[in-house]
Amino acid sequence: MFVTHGQGTFDMTDYNAARTQPEREHVWDVAVIGLGYVGLNLALSACQAGLRVVGIDRDPTLIAELTRGRTVVDGVDDADIESALTRGFRATGDASAVSESATVVIAVQTPLTLDGRPDHQAVIGAARDIAPHLQPGALVCLESTVSIGTTDGPVRKTLENGKLTAGRDFALVFAPERINPGDPASTVADVPRVVGGINDVSTMRGVRFYQRFVNEVHPVASTREAELAKLLENTYRFVNLTLINELAASLAGTDIDVNAAIQAASTKPYGFQPFFPGPGVGGHCIPVDPMFLQSSLETMGNGSSGVLAAAHRANVERPSIVSKQILSELASAAIPVAGAQIGLIGVGYKEGVRDTRNSPAFPIALELLAAGAVVSFFDDLVKEVVVEDAMLDRHSSVMELVASCDAVVRLQGSSADSFDLHGAPPLFIDLRPRQDLFARLPRTTGVAGT
Ligand SMILES: NC(=O)c1ccc[n+]([C@@H]2O[C@H](COP(=O)([O-])OP(=O)(O)OC[C@H]3O[C@@H](n4cnc5c(N)ncnc54)[C@H](O)[C@@H]3O)[C@@H](O)[C@H]2O)c1
């Protein structure tokens with residue numbers, strides 16, 4: 001028997017056969033492994049939709065904070081945690097809770113290794129932790145971004161661990177998270193979810209699970225298709241942001257307002273999506289995921305992408321280009337760099353987040369320090385910046401920073417109009433000019449660094 005659902009048609013024969021076995025009673029509808037940006041938001045959304053949720057994390061401090069009703073990520077308030085606890089949410093470090101859960105979601109980190117290769121260690125580690133507790137009939141959903149073939153390859157193998165067989169004893173899907181930190185409008189419920197299983201039964205079970213708390217679920221034919229979809233969307237963003245950063249650097253010093261030109265191009269009702277220049281593309285995902293795609297193309301495709309290699313190189317070089325621009329403007333303003341007080345506004349990887357992973361602010365600060373400047377910062381969310389063992393002074397407000405610096409550089413931040421630049425320092429370098437334009441554009445615009 002075949003059933004068409006959303007975008008996919010599924011062979012339900014195995015599913016219906018499996019349904020003839022009585023379903024187990026579970027303590028939890030879902031166990032979420034990894035309670036960082038992705039996992040915690042997912043856990044709270046599922047809880048809000050009425051699912052019984054247990055969260056599992058290796059970090060005991062994080063478990064203690066959540067248990068006390070304290071938030072650990074941007075965009076989640078203490079009140080959200082407290083409300084979830086009232087609804088029965090529990091955070092624990094004990095992976096055995098998996099044995100009492102109908103569904104298990106893996107949402108652990110997937111960074112790059114020091115030499116820029118995909119690092120799947122945390123995902124494999126999570127699968128290894130789950131395996132001894134996995135029960136027949138469970139559904140496992142991998143949400144962490146991975147190289148193509150990881151779900152149906154090493155993750156499947158690790159979960160099976162000589163006992164259960166994926167596709168027969170438990171279902172397995174890849175269902176990538178698309179959270180957009182700092183953007184309260186992109187909720188887990190409202191952003192459509194792509195789901196691809198190792199077989200039709202898995203896909204159908206994944207679709208049914210996500211339909212309980214996500215409004216639109218889009219099934220695809222395989223885990224590999226879903227893995228590529230995730231890598232593709234972030235790579236698209238990365239390449240476009242990198243191009244616009246190069247364009248802005250190349251045209252700096254001319255009388256062309258690049259942001260105004262981008263806004264003008266955006267009036268075209270089709271075929272163009274605006275991206276805006278900034279100090280460099282940072283964060284845990286956008287500059288990282290293209291390297292997962294590159295590695296997949298190298299190992300399973302017909303060769304790597306030259307476009308991706310060039311974009312990666314350009315983004316690695318971007319902070320240095322920005323530092324040199326700052327130093328050159330200091331020289332033009334006759335401010336000696338040795339001992340110059342340079343204040344950075346906004347050190348998160350993008351506006352509205354306290355996350356500093358891969359933030360261009362760090363290499364920029366490092367280069368300015370190496371040139372002899374004294375670097376300080378203001379950021380309403382980031383409380384501490386350590387650059388190669390040196391802790392930068394933090395100002396308590398933009399005005400305090402402006403009043404005490406020779407040069408001010410806005411890396412991220414709200415509209416320059418809101419800064420009272422009366423009595424401003426001799427030099428103000430704005431790497432986020434015309435932010436006011438962004439507000440008038442559709443929410444899908446690619447403000448750099450996101
Ligand atoms: N942050 C984002 O904006 C975003 C958006 C979309 C997708 N993603 C992807 O989602 C995944 C998770 O990202 P994140 O930003 O939430 O990561 P994170 O680093 O914020 O959180 C990961 C958590 O997993 C925990 N963990 C690691 N191994 C564990 C294990 N074996 N058992 C239990 N807990 C374990 C860590 O202690 C940590 O708390 C990544 O693959 C990322 O690329 C992230």
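## The sheet

Let's start with the eight-stranded open sheet, whose strands follow the order 5-4-3-6-7-8-9-10 with mixed pairing. Strands here are DSSP runs of E with at least two residues, helices are runs of H or I with at least four, and both are numbered from the N terminus. Two strands count as paired if DSSP finds at least two bridges between them. Strand 5 (90-92) and strand 10 (217-220) sit at the edges with a single partner strand each, so one side of each has no neighbour in the sheet. On average, neighbouring strands are turned by 25 degrees against each other, direction ignored. (Axes are lines fitted to C-alpha atoms, for helices over the stretch in contact; angles between N-to-C directions run from 0 to 180 degrees.)

This is a predicted model, where local features need pLDDT of at least 70 and side-chain atom pairs pLDDT 80 or more, while totals for chains, interfaces and linings use all residues. Residues are numbered from 1 along each chain as its sequence is written, and side-chain values use heavy atoms, leaving out hydrogens and water.

Zoom in on strand 7 (residues 139-142) and strand 8 (residues 171-174): they run parallel, joined by four bridges. In this pairing, L142 stands opposite F174. Helix 7 (residues 200-211) packs on the sheet and touches several strands, among them strand 3 (28-33), strand 6 (101-106) and strand 9 (193-197). Contact means heavy atoms within 4.5 Å. The direction of helix 7 makes about 155 degrees with that of strand 9.

## Helices 10 and 11

The axes of helix 10 (residues 289-300) and helix 11 (residues 306-332) come within 10 Å and cross at roughly 145 degrees. Helix 10 brings P290, M291, L293 and Q294 to the contact, and helix 11 brings L308, A309 and H312.

## Aromatic pairs

There are four aromatic pairs in the structure. Rings of Phe, Tyr and Trp (its six-membered ring) pair if their centres lie within 6.5 Å; planes under 30 degrees apart are stacked, over 60 edge-to-face, and the rest tilted. F209 and Y210 make an edge-to-face pair, 4.9 Å centre to centre with 75 degrees between the planes. F209 is buried at 5% relative accessible area, and Y210 is buried at 0%. (Buried is under 20%, exposed over 50%, partly exposed in between, with a 1.4 Å probe and protein chains only.)

Y236 and F275 are also edge-to-face, at 5.9 Å and 70 degrees. Y236 lies in helix 8 (residues 223-251) and F275 in strand 11 (residues 275-276), so this pair ties together parts 39 residues apart in sequence.
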